[in-house]
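This report describes the pockets and cavities of one protein model. The sequence and structure are shown first.

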Amino acid sequence: MRTAYSVAAVRAAERELMARLPEGTLMQRAAAGLAVACAELLGRVYGSRVVLLVGSGDNGGDALYAGARLARRGAGVSAVLLSPERAHAGGLAALRAAGGRVAGDPLRAVERADLVVDGIVGIGGRGGLRPEAARLARAAWDHATVVAVDLPSGVDADTGEVHGDAVRADVTVTFGAYKPGLLIDPARERAGALRLVDIGLTPPATAEVEALQHADVAALLPRPAAESDKYRRGVVGVVAGSARYPGAAVLAVAGALRGGAGAVRYVGPAADAVLARFPETLVHAGPPGKAGRVQSWVIGPGLGDEAGALDDVLDADVPVLVDADGLRFLTPDRVRRRAAGTLLTPHAGEAAALLGRGREEVEAARLGSAGELAARYGATVLLKGSTTLVADPAAGVPVRANPTGTGWLATAGSGDVLSGLTGALLASGLAPRDAGSAGAYLHGLAGRQAAGRHGEPIVASEVAGALGAAWANVVSP
């Protein structure tokens, strides 16, 4: 599991460690790890051209000391000092002693570089880059491999927000611990591949954000035992579809069946379409409360304006997932009165409507929006998007950022498959936070599987069909 910590927590851990070490040790550890990463990217260090974009903080010092190490191995290293009077004195002296120099023509140096190291702004930076730094960052992305020191300059380390121009990196070498912004878009897409360098920090007990990996998800996924029956595996109730959107019901049922449900009870007007595709489905005319025994409910995909079933489902004493059209009829008080768990799965537009703000605001501040929704409704929130986040209403519980997926999942019906899949995991006994996290992870893997190696366009039914392969990939990597 990747765990990410706030800037304040990382700073506190750094101060504690520095108090026990000789002065400068921490920076030398960071510079050594950064230099190794740069050398691996270059392949051949001797004769390569490396440019350091150096700001006024410790990030600039890290870059300068790493540049000195590369210069001693035969690289031609030039430093662009964006604040010459405040450049790290020790690092600059070390670079010069190793044969490095200060660039006379910064833009030309960047355009001729094989590798550019972004040491402009550290983790405490706020706001976008200044114009000159932004110009050099754009040139670096166009002409060289870009390595960010700790995080791409111009992004918010705590939130993943980007206000203005920011560096776009191929690789980010981060020190001691991951920072939340490295795991959450829009900053995440600017970070490239992540590499964590151990500098001896002891992180605090509780993370701000965590990202599950294969082993974490495998430990959550249910597996039927020899004595299992459909009820032990979990029965999902699905209230979805309408005369206008019968396919939503089919896709939600597909997700539930492919997600390991022992059985699916479908309630709604699309029974014929569902049975034609999945004859194993148990159908009922409704209302949901009379459909039979279930261990979870999924309501909302393709529901249209038929809100009558929502109260019936929310009255059930089993976990409930509310998606799509079902979200339009929710009120915080109604959700808070429930004793069993509730999982809301909005995309950014639906989250914006629930919060009473613009979609762009939600997309720009995903972490804060997910947490605010969870607190307002007293429910677990799975905020779908380029970085899917799962936020718990309890204070102090890390938000989970999903690391899987592909842009091809932005296709009609994909969210319906995710709802059914996650409903099946709820029915198996997983808590809403775990069900949402595992569901998003599998859904993202299935999207990649369906898109193939070359990233071909996909449709939602292909995502559902790839869930079995995604499941197998997690439990037997």
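The lining of the second largest pocket receives at least two residues from each of α1 (7-18), α2 (25-42), α3 (58-72) and α6 (131-143). Helices are DSSP runs of H or I with at least four residues, and strands are E runs of at least two, numbered from the N terminus. On a 1 Å grid over the protein atoms alone, a pocket is an open set of points with protein on both sides within 12 Å along at least five of seven lines, a cavity is a set where a 1.4 Å probe fits but cannot get out, and lining residues have an atom within 4 Å of a point.

The model is predicted: local features need pLDDT of at least 70, side-chain atom pairs count only at pLDDT 80 or more, and totals for chains, interfaces and linings use all residues. Residues are numbered from 1 along each chain as its sequence is written, and side-chain values use heavy atoms, without hydrogens and water.

The largest pocket is lined by 42 residues, with His347, Lys384, Gly385, Leu409 and Ala410 nearest its centre. Among the elements that each supply at least two residues of this lining are α10 (246-258) and α17 (414-427).

There are 2 cavities of 30 Å³ or more. Leu212, Arg400 and Ser437 are among the residues lining the largest cavity, whereas the lining of the second largest cavity includes Ala13, Glu16 and Arg20.

Volumes are the space filled by probe spheres set on grid points joined across faces, edges and corners.

| Space | Volume |
|---|---|
| Largest pocket | about 940 Å³ |
| Second largest pocket | about 760 Å³ |
| Largest cavity | about 60 Å³ |
| Second largest cavity | about 30 Å³ |
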